[in-house]
Amino acid sequence: MNTYATVVLAAGKGTRMRSTLPKALHPLAGEPLLAHVLNAIEAIPSTETFAHYGTFTSAHDPIVVLGHEAAQVESVIGQRCLYALQAELLGTGHALLSAQPTVDALDSLPQTVLVCYGDTPLISGEILAQVLAEHSRRQAVVTFLTGHVTGPSDYGRVVRDAEGRVQEIVEVKRATEEQKRIKEVNSGVYCFDRAWLWPTLHALPRNAAGEYYLTDLIGIASAQGCEIATVTGALEETLGINNRVQLAAVEQLLRQRILEQHMYDGVTIIDPATTYIDAGVRIGMDTIILPGTMITGKTQIGTGCRIGPGTTVDHSIIGDNCVIRNSALEEATLEDGVSVGPFSHCRPGAYLARNVRMGNFAEVKNSYVGAETDMHHFSYLGDATLGDHVNIGAGTITCNYDGKRKNHTNIGAGAFIGSDTMLVAPVNVGEHATTGAGAVVNKDVSAGAVVVGVPARVIRVSQPVESSPVESNKKE
Ligand code: UD1
Ligand code: CA
C-alpha cells in the first residue's frame with residue numbers, strides 16, 4: 001500500500017505581516033490561516049480524484065512544522081495534527097527537514113511526502129488530491145503544483161527548457177529580468193518520494209541569502225535526470241498570504257465562496273456585498289439574510305428565519321422561524337419562533353425558549369427566559385431564570401449586581417412584572433404573581449401575590465386558578 005505523510009510548513013515569522021501575532025494565526029473568515037490549510041488536508045480522502053486512487057492512504061494526522069511562537073500556535077490549533085519544531089528559521093527546505101524525525105517515526109512509513117505551506121488558505125482537498133494522484137500516476141520523484149499569473153508577483157518562477165521539461169524554480173529575488181517575465185509560478189504544493197527527499201535535503205547547500213530553499217530541490221532533481229511532474233491549478237486556489245493586502249484579498253474571495261455555498265444550499269442573501277458569514281457557520285434552508293449582517297464563529301441558524309438588517313450574531317444557536325432585526329447576539333441560544341429586536345442585545349448565556357418575543361432596547365445576559373414570554377420594551381434581565389408565559393413590562397430591570405457579586409432572580413411561570421419594576425436580586429417572584437408599575441421588589445413574592453410600591457408590599461394574594469391567567473396577562 002502506498003501511503004503518504006503530509007507536512008505543513010508554518011514556522012515562519014510572517015515578517016511582512018508586521019504583526020505580533022504569528023502569521024499562521026491571523027484570522028480569515030473567522031478561522032486561523034493554518035486551520036484552513038488543515039481543513040483542506042482533512043478533505044483529501046473524500047475528494048473525487050482521490051476515490052480513483054485507492055492505492056494512496058494517509059493513516060495519520062498531518063505534521064505541522066512550527067518555529068516562531070510555536071507554543072502559541074499549538075495552543076490555538078490543538079490536537080488535530082502532529083507538530084515538529086524548526087529550531088532556527090533557515091528557510092523552507094530547512095523547515096521540511098525539521099519534520100524528518102516525525103515523518104520517519106510514523107507507524108506505516110510513508111512512501112510519499114506531501115508538502116504544503118501554512119499561508120495558502122484557499123487550497124482545497126481536491127487540488128491536493130490531484131497532485132497526489134499525478135505523482136502516483138507518473139511515478140515521479142517530485143510533483144508540484146503550478147499556477148499562471150497575469151502581472152508581477154512574488155511567486156517563484158517555473159523555468160522550463162525548450163521541450164517544456166521543468167529545469168528549476170527561481171525565486172524572484174534571484175530571477176533574471178527574463179525569468180521574471182515567466183507567467184508560470186510555483187504554487188507551493190509538492191509531493192516527494194521520501195527515499196529521495198531526505199538525502200537530497202541533507203545535501204542541499206545554503207543559498208546566497210543564507211537559507212535552504214525547498215524550491216532548489218527541483219533544480220537538483222532536474223540535474224539528476226529524475227522524473228518531475230507538475231499539475232496546473234487555478235492560482236486563485238493557492239494565493240499565498242505574505243502581507244495584509246493579500247490577507248484582505250483572500251478574505252474577500254473566501255467570503256464570496258462561503259456566501260455562494262449558502263445560496264446554493266437554499267439561503268437567500270439579499271445583499272452579498274454587505275453580508276459577512278464565517279467559515280464555521282451553518283444556516284438552514286429558506287432563511288433570509290438581510291443587508292448589513294455579520295454572522296460569525298460556530299453559529300447555527302435553523303430554517304425559515306429572517307436575520308437582519310444590521311444584525312450581528314456570534315457563536316449562537318438559533319432555531320427555526322426566528323426573526324432577528326437590528327440586534328446583536330453573542331453566545332446566545334434561541335429556540336424556534338423567537339423574535340428579537342429591533343435594537344436588542346443577547347449577551348453570553350442568554351437562552352430564549354420557544355416563541356419568546358424580545359422587542360426593542362432589551363438586554364438579556366446569562367438568563368433562561370421561558371417559552372412564550374414577552375419582554376417588549378427597555379428591559380434588562382441578568383442572571384435570571386424565568387418560567388413560561390411571563391410578562392416583562394417596559395423598563396423592568398433585574399438589579400443583579402450589588403457592587404460585589406452577581407445575584408440571581410427567579411420569576412415563576414405566568415408572572416406579570418409591571419412596568420418599571422426593579423427586581424433587587426437575590427429575589428424570587430412566585431408563579432402568577434404580579435408587581436405593580438414602579439415596584440422595587442427586594443423581598444421574595446409568593447405565588448399569586450400582588451405587590452406594589454417602594455419597597456414593594458403585598459396588597460392582595462389571588463387564589464390559584466384552574467385555567468391559567470396567562471392570556472389575560474399578555475400585554476401588547
Ligand atoms: C514560497 C516559495 C515560492 C512560492 C510561494 C507560494 C520557497 C523558497 N519559495 O515563497 O516559490 O511561489 O511560497 O506561496 O519556498 N516557513 C517555515 N520556515 C522557514 C521559512 C518559511 O516554516 O524557515 C514557512 C512559512 O511559515 C510559510 C511557508 O513556509 O508558511 C512559505 O514561506 P514564505 O516565506 O511565505 O515563502 P514565499 O516567499 O511566499
Ligand atoms: Ca508565502
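How many residues surround ligand 1, and which are the closest? Select ligand 1: 23 residues surround it, each with a heavy atom within 4 Å, and the closest are Gln86, Gly91, Tyr117, Glu171 and Asn186. The model is predicted, with local features requiring pLDDT of at least 70 and side-chain atom pairs pLDDT 80 or more, while totals for chains, interfaces and linings use all residues. Residues are numbered from 1 along each chain as its sequence is written, chains are lettered from A and ligands numbered from 1 in the order written, and side-chain values use heavy atoms, without hydrogens and water.

Next, display the polar contacts of ligand 1 (pairs of N or O atoms within 3.5 Å). A polar backbone atom of glycine 12 lies 2.8 Å from a ligand 1 oxygen atom. For arginine 16, a polar side-chain atom is 3.3 Å from an oxygen atom of ligand 1; for asparagine 242, a side-chain N or O atom is 3.2 Å from one. Taken alone, ligand 1 exposes 750 Å², of which the protein buries 89% (Shrake-Rupley method, 1.4 Å probe).

Now select Arg16, Lys23, Thr92, Asp119 and Asn242, which lie nearest the centre of the largest pocket among its 37 lining residues. A pocket is an open set of points on a 1 Å grid over the protein atoms alone, where a 1.4 Å probe fits, with protein on both sides within 12 Å along at least five of seven lines; lining residues have an atom within 4 Å of a point. Ligand 1 sits in the largest pocket, with more than half of its atoms within 2 Å of the grid points.

Conventions: Polar contact = N/O pair within 3.5 Å; in protein donor to acceptor, adjacent residues only side chain to side chain.
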